[in-house]
Amino acid sequence: NGLAGRVADLARSHGLHVELASDLIEFHAVLDKLRALRAEQIWVLAGDGTLHAMAQHLARPDNAGWSPALLLLAGGRANVVPRDCGGYPPWERFRAALQALQEGRPLLEESLVTLRVEQEGSEPQHGFLMVGAVLYDGVRLCREHRARGAGWLHRSWFADPWCLLKMMVQVWVG
């Protein structure tokens, strides 16, 4: 519904620096640019997947010593992390943060614990919520399943449960 554009326009009108990224390569480039600027605060309109990518990026060794304050605004599908951090509803939270900035009031800060998951043979994964990645994979699989056909198993109320049941059986048998 044009939320990203409205947020960007309002941010610019208040003199905030706005960076837009539409893919992972651009997103990493923006974070590298902000690190070079030693940004102390980053306001992010994103969903759980993008925030996972941000946690992964911030955990890299070349980012050691840089830990900006984050305002996480819900801009994705599930938005579990932004909801947990007070970034929902996003428009209202963004406007409240702008008002605090205008009035010279600091935003309430909380520490946010990140997770680090390691598995032999894989790069360590950093994030705020590991189930979010699993949910995203489930949504993606269901969408792909629905796109593969037009029959009852692909288009009915049973399409998503059927797809997830097949995935669970695959996981169960290894």
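# Notebook: contacts, rings and charges in a predicted chain

I started with contacts, meaning heavy atoms within 4.5 Å. Among contacts in the chain between residues at least 6 apart in sequence, 54% join residues at least 24 apart.

Residues are numbered from 1 along each chain as its sequence is written, and side-chain values use heavy atoms, with hydrogens and water left out.

**Entry: the overall layout**

I looked up the secondary structure and got eight helices and four strands. Helices (H or I, at least four residues) and strands (E, at least two) are DSSP runs, numbered from the N terminus. Read from the N terminus on, the elements go α-α-β-α-β-α-α-β-β-α-α-α. The C-alpha trace spans about 55 × 40 × 25 Å along its principal axes.

Next I checked burial. Buried means under 20% relative accessible area, exposed means over 50%, and partly exposed is in between (1.4 Å probe, protein chains only). Of the chain's 174 residues, 28% count as buried. The chain exposes about 11,700 Å², and carbon and sulfur atoms supply 57% of that. Those areas come from the Shrake-Rupley method with a 1.4 Å probe; for residues, only the protein chains shown count as cover.

**Entry: salt bridges**

My rule here is a side-chain nitrogen of Lys or Arg within 4 Å of a carboxyl oxygen of Asp or Glu. The structure holds 10 salt bridges. I followed one group of them.

Asp32 and Arg60 meet through their side chains, at 3.5 Å from N to O. Asp32 sits in helix α2 (residues 24-36) and Arg60 in the loop between α3 (48-58) and β2 (69-74), so this pair ties together parts that are 28 residues apart in sequence. Asp32 is partly exposed at 25% relative accessibility, and Arg60 is partly exposed too, at 29%.

Then I found Arg35 and Asp62 in a salt bridge, at 3.3 Å from N to O. This pair also links distant parts of the chain, with Arg35 in helix α2 and Asp62 in the loop between α3 and β2, 27 residues apart. Is Arg35 buried or exposed? Arg35 is buried, with a relative accessible area of 19%.

I can now write Asp32, Arg35, Arg60 and Asp62 down as a network of salt bridges.

**Entry: aromatic rings**

Rings of Phe, Tyr and Trp (its six-membered ring) pair if their centres lie within 6.5 Å; planes under 30 degrees apart count as stacked, over 60 as edge-to-face and the rest as tilted. By this rule I get five aromatic pairs. One of them is Trp152 with Phe158, a stacked pair at 5.7 Å centre to centre and 20° between the planes. Phe158 also pairs with Trp162: the ring centres are 6.1 Å apart and the planes are at 35°, so this pair is tilted.

Trp152 counts as exposed at 53% relative accessibility, Phe158 is partly exposed at 24%, and Trp162 is partly exposed at 29%. Which residues do ring pairs link into a cluster? They are Trp152, Trp157, Phe158 and Trp162.

**Entry: charges over rings**

A charge sits over a ring if NZ of Lys or CZ of Arg is within 6 Å of the ring centre and within 35 degrees of the ring normal. I noted Arg6 over the face of Trp91, at 4.8 Å from the ring centre. Arg83 lies over the face of Tyr88, at 3.7 Å from the ring centre.

**Entry: a nonpolar patch**

Patches are made of residues with over 30% relative accessible area and no salt bridge; like charges are joined within 9 Å, and nonpolar side chains (Val, Leu, Ile, Met, Phe, Trp, Tyr) within 5 Å. I found a nonpolar one of about 580 Å², made by Leu165, Met168, Val169, Trp172 and Val173. Val169 lies in helix α8 (residues 159-172) and is partly exposed, at 43% relative accessible area.

Methods: Predicted model: local features only at pLDDT ≥ 70, side-chain atom pairs only at ≥ 80, totals over all residues.
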